[in-house]
Amino acid sequence: QVHLVESGGGLVQAGGSLRLSCAASGSIFKINVMDWYRQAPGKQRELVARITNGGSTNYVDSVKGRFTISSDNAENTVYLQMNSLKPADTAVYYCHADVTLTSRSTITSWGQGTQVTVSS
């Protein structure tokens, strides 16, 4: 009922930047929270950044000061601006959303993931 499509991943050298986008579509009344998670090979998926409908944000300590999450509520889109990238940021990045549907029920949804690779 909610489809998330990510874009913007790729290969970049250490110190470079990438911008990820995630567009939500479907029977959306309101997006309550949108998050970016990442999962590196052999590691658990971790929450990287979160933004609420009201604009509150939080970040995992390892990306504070380098990554910025933002949203366009009118377009149901969330962005993750990643600067000063490090090889340790290499992972598949997943978009996640907590959504209130037009039926007023709530669901969560995951995107398909986008690969970010940072070379040293």
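S84 is partly exposed, with a relative accessible area of 41%. This residue belongs to a predicted model of a chain with eleven strands and zero helices. The radius of gyration is 14 Å, close to the 14 Å that the globule rule gives for 120 residues, so the chain is as compact as a globular protein of that length.

**Loop residues with positive phi**

- S84 sits in the loop that runs between β8 and β9.
- Its phi is near 50 degrees, which is a positive value in a residue other than glycine.
- Most residues other than glycine have a negative phi.
- N76 also has a phi near 50 degrees, and N76 is likewise a residue other than glycine.
- The loop that holds N76 lies between β7 (67-72) and β8 (77-82).
- N76 is partly exposed, and its relative accessible area is 22%.
- A residue counts as buried under 20% relative accessible area and as exposed over 50%, so N76 at 22% falls in the partly exposed class.

**The chain as a whole**

- Along the sequence the pattern is β-β-β-β-β-β-β-β-β-β-β.
- Along the principal axes, the C-alpha atoms fill a box of roughly 50 × 25 × 20 Å.
- Of the 120 residues in the chain, 41% are buried.
- The accessible surface of the chain is about 6,100 Å², and carbon and sulfur atoms account for 46% of that surface.
- Taking contacts between residues at least 6 apart in sequence, 54% join residues at least 24 apart.

**Strand β4 and its partners**

- Strand β4 covers residues 28-39, and nine of its twelve residues are buried, so the strand is largely enclosed by the rest of the structure.
- β4 runs antiparallel to strand β9 (residues 91-101), and ten bridges join the two.
- Within this pairing, W36 has C95 of β9 as its bridge partner.
- β4 also runs antiparallel to strand β5 (residues 46-52), with six bridges between them.
- Here V33 is placed opposite T52 of β5.
- β4 and β5 make a hairpin, and six residues lie between the two strands.
- In the turn of this hairpin, G42 has a positive phi of about 75 degrees.

**V92 in strand β9**

- V92 is a residue of strand β9, the strand that is joined to β4 by ten bridges.
- In sequence V92 and Y37 are 55 residues apart, while their C-alpha atoms are 8.3 Å apart in space.
- Leaving out residues up to four places away in sequence, V92 touches Y37, R38 and Q39, together with G113, T114 and Q115.

**S21 in strand β3**

- S21 is part of strand β3, which spans residues 18-26.
- The relative accessible area of S21 is 18%; buried means under 20%, so S21 is buried.
- Leaving out residues up to four places away in sequence, S21 touches V5, E6 and S7, as well as W36, V78 and Y79.

Notes
Residues numbered from 1 in each chain as written. Predicted model: local features only at pLDDT ≥ 70, side-chain atom pairs only at ≥ 80, totals over all residues. Heavy atoms only, no water. Helix = DSSP H or I, 4+ residues; strand = E, 2+ residues; numbered from the N terminus. Rg over C-alpha atoms; globule rule 2.2 N^0.38 Å. Buried < 20%, exposed > 50% of the residue type's maximum accessible area, 1.4 Å probe, protein only. Contact = heavy atoms within 4.5 Å. Areas by Shrake-Rupley, 256 points an atom, 1.4 Å probe, with all protein chains shown as cover. Pairing = 2+ DSSP bridges.
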